[in-house]
Amino acid sequence: MDLVGLTKEKLWSEIMAGLLEVVNKDAIATWFEPLRPISLDDGTLVLGAPNQFFIEWISEYYSNPLTRILSKPEFSKLKIDFKVEKDGFENIAEEVDEIIEASTTTSPIKFNGNGPLDGSRLLPRYNFDNFIIGESNRFAFAAARAVSDAPARVYNPLFIYGGVGLGKTHLLHAIGNHLKKVNPKIKIYYTPAEQLFLDLIQSIQERNTMLFNNKYRNLDLLLLDDIHYLKGKERLQEDVFHLFNHLQNMGKQIVFTSDRPPKEIPTLEERLVSRLVSGLVCDLKPPDIETRIAILNNKSKIDGISVAPEIIFFIAENIKTNIRELEGALIRVSGYASLTNTPLTLETCKQVLSDLQINKEPPKPVKIIETAANYYNVTLEQLQSKERTATLVLARQVAMYLLRAFGGMSLKEIGAYFGGKDHSTVIHAIVKITDLKKQDSSLSQDIHKITMLISGG
Ligand code: ADP
Ligand code: MG
C-alpha cells in the first residue's frame, strides 16, 4: 500500500493499526489514543501529547515498536515527532505531570522529546530559558552558556559541581538543547555516569568493546552526569580517562557534573583528577531568597497554577537548600488544595508544609490502602485481588490515585501493592480518576473524605 498523499489523520490511523499488532490494547488506550496528529510536513508527522510525561514514556517503552512500524516500506522515511499540546487535555494533564518526577528518578532518562527519536536523551524542559539566574549560579550558568556557544573552544572539560537539586542536570541538558538547536546534526549524548557504567559492563560481558566505542567515541558533545559515581570503580575510571583523552584529542567537548569537586571524590585516580580540573571547574551554591522566589514564580507560571505572593514567599523562606524540594513543595501545596477542593490559603499552606517538615514521611501506603478499602466497605484482600466488581475496580483506582497524590511512590511501587500490576494499569487508573473527579462531584467528595481520614490520624 502506498501511503503517500494520505492525510495526517489517515496516516496516524495506519500507524495505530500497525501498533495494535505489536502492543497490547491497554497500552494503546493509555498511551496512544490520547495522541493527536497535529501536522504532516516534510515527511514528519507531529503528534500532540497531553504532557511531557507521555512523550518520555512512549519514547522509553515504545520506541522499538514504533521504529519497527516506521521502517516498513510503505512508510518510506516517515519520521515522528512529539509536541506537548495542552488544548483539550487540561483535565488530565495537571496531576499526571507530577508523575514525571517519580518516573525520572526511578528509571534512567532515555529520551529526547525535542525532535525525532535521535537518541541524545536530552530533556527539552531543561533549557537555558527557564533556568533562573541568581548569585548562587551565575558563574556556572555563564560557563555553561560559553561552552554551548563555542564547544571545545573555551572550557574543555567543563566541570560543574554542587549539592543535590541545585540544577546540575538542568544545566547539562540546557547545554545540549542549545547546541542541538543551533546545529541539529551535532552528535550529543547525555548520560548519567551510572548508565555509562552499565554500558561498560555489558561490553565486557559480551566481549564487544566496539559497541561501547561506537556509542561514546563518535560524539561531538558528551554530557556526563554525576561522575562522583566513579568512586571506587577503577576500571570505569580507566575507561572514562581513555574516552576523555580520545574526545579531547578529537576536539570534542565534554561536560561533567558531580556532587563535589574532583579532588574530593575519594579514590579518584590522580591523573583523572588532573584531567578533570584542566578545563574550568565551577560550582552551584544553594540559591538565595530572591532566586528562590523567582524560581517559584517561574514554576507556577510554567505549570499554570496561580499562587498568591505571600504563599510563594512563605515556601521560599522555608525551603532553602534544594530546588527540587522547593518546586516539590509548590506542587504539593497546590496539589493538596485541588485534591481537597479547598482554596489555597496561607493557613493551608502552613499546614501542608509543616507536615512536610515535621513529619517528612508521607502516610504509609498501607494506611492509604486500608482507609480506601474501609471507605468502600471492601477488605484489603479484595482490594489487592484480581476480582473486578464495579465497586472494587473503583476502590482500587481511587487507592492508586491517592497513593500517587500523597506523594513519593513510583508507578511501579504502586503496581506492586496491587498484585504486581504494570505501570500502564496504574497510570490508567490515575488518569481516569483525575478525569472523573472533575465531572463527578460525589466522587470528588468521596476523595476529599478519604483524604481527610488518611491525614486525620
Ligand atoms: P541536580 O542535578 O543538581 O540534583 P537538577 O538539575 O535535577 O538538580 O534540578 C532539580 C530541579 O530544580 C529541576 O526541576 C530543575 O529544573 C530545577 N532547577 C534547578 N536550578 C534551577 C534554576 N536556576 N532555575 C529554575 N529551575 C531550576
Ligand atoms: Mg542531577
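Visitor: Is the crossing in which α7 passes α8 left-handed or right-handed?

Guide: This is a predicted model. Helix α7 covers residues 193-205 and helix α8 covers residues 209-217. As α7 passes α8, the crossing is left-handed.

Visitor: Are α7 and α8 roughly parallel or roughly antiparallel?

Guide: The axes of α7 and α8 come within 7 Å and cross at roughly 150°. Angles over 145 degrees count as roughly antiparallel. Therefore α7 and α8 are roughly antiparallel.

Visitor: Which residues of α8 make the contact with α7?

Guide: Both helices contribute side by side in the list. From α7 come Q195, L196, D199, L200 and S203. From α8 come T209, F212, K215 and Y216.

Visitor: How many residues in the contact of α7 with α8 are nonpolar?

Guide: Sort the contact by class. Two residues are charged and three are polar. The nonpolar residues number four.

Visitor: Turn to α5 and α6. Are they roughly parallel or roughly antiparallel?

Guide: Helix α5 spans residues 138-149, and helix α6 spans residues 168-182. Their axes are 9 Å apart and the packing angle is about 30°. Angles under 35 degrees count as roughly parallel. So α5 and α6 are roughly parallel.

Visitor: What is the handedness of the crossing in which α5 passes α6, and which residues of α6 make the contact?

Guide: The crossing of α5 past α6 is right-handed. On α5, the contact uses A140, F141, A144, R145, V147, S148 and D149. On α6, it uses L171, I175, H178 and L179.

Visitor: By class, how many nonpolar residues are in the contact of α5 with α6?

Guide: Two residues there are polar, and two are charged. The nonpolar count is seven.

Visitor: How far does α17 reach from its first C-alpha to its last?

Guide: Helix α17 runs over residues 390-405, which is 16 residues. At 1.5 Å a residue, the expected span is 22 Å. The model comes close to that, at 22 Å.

Visitor: How many residues of α17 are buried?

Guide: Buried means under 20% relative accessible area. Among the buried residues of α17 are L392, V393, M400 and L403, along with R396 and R404. The helix is mostly covered, and of its 16 residues the buried ones number twelve.

Visitor: What percentage of the residues of the protein count as buried?

Guide: The protein's secondary structure comes to 20 helices and eight strands. It has 457 residues. The share that counts as buried is 49%.

How values were computed
Residues are numbered from 1 along each chain as its sequence is written. Chains are lettered from A and ligands numbered from 1 in the order in which they are written. This is a predicted model: local features need pLDDT of at least 70, side-chain atom pairs count only at pLDDT 80 or more; totals for chains, interfaces and linings use all residues. Side-chain values use heavy atoms; hydrogens and water are left out. Axes are lines fitted to C-alpha atoms, for helices over the stretch in contact, and angles run from 0 to 180 degrees between N-to-C directions. Helices (H or I, at least four residues) and strands (E, at least two) are DSSP runs, numbered from the N terminus. Angles under 35 degrees count as roughly parallel, over 145 as roughly antiparallel, 65 to 115 as roughly perpendicular and the rest as oblique. A crossing is left-handed if the near helix is turned anticlockwise from the far one by less than a right angle, and right-handed if clockwise. Contact means heavy atoms within 4.5 Å. Ala, Val, Leu, Ile, Met, Phe, Trp, Tyr, Cys and Pro count as nonpolar, Asp, Glu, Lys and Arg as charged, and the others, Gly among them, as polar. The expected span of a helix is 1.5 Å times one less than its number of residues. Buried means under 20% relative accessible area, exposed over 50%, partly exposed in between (1.4 Å probe, protein chains only).
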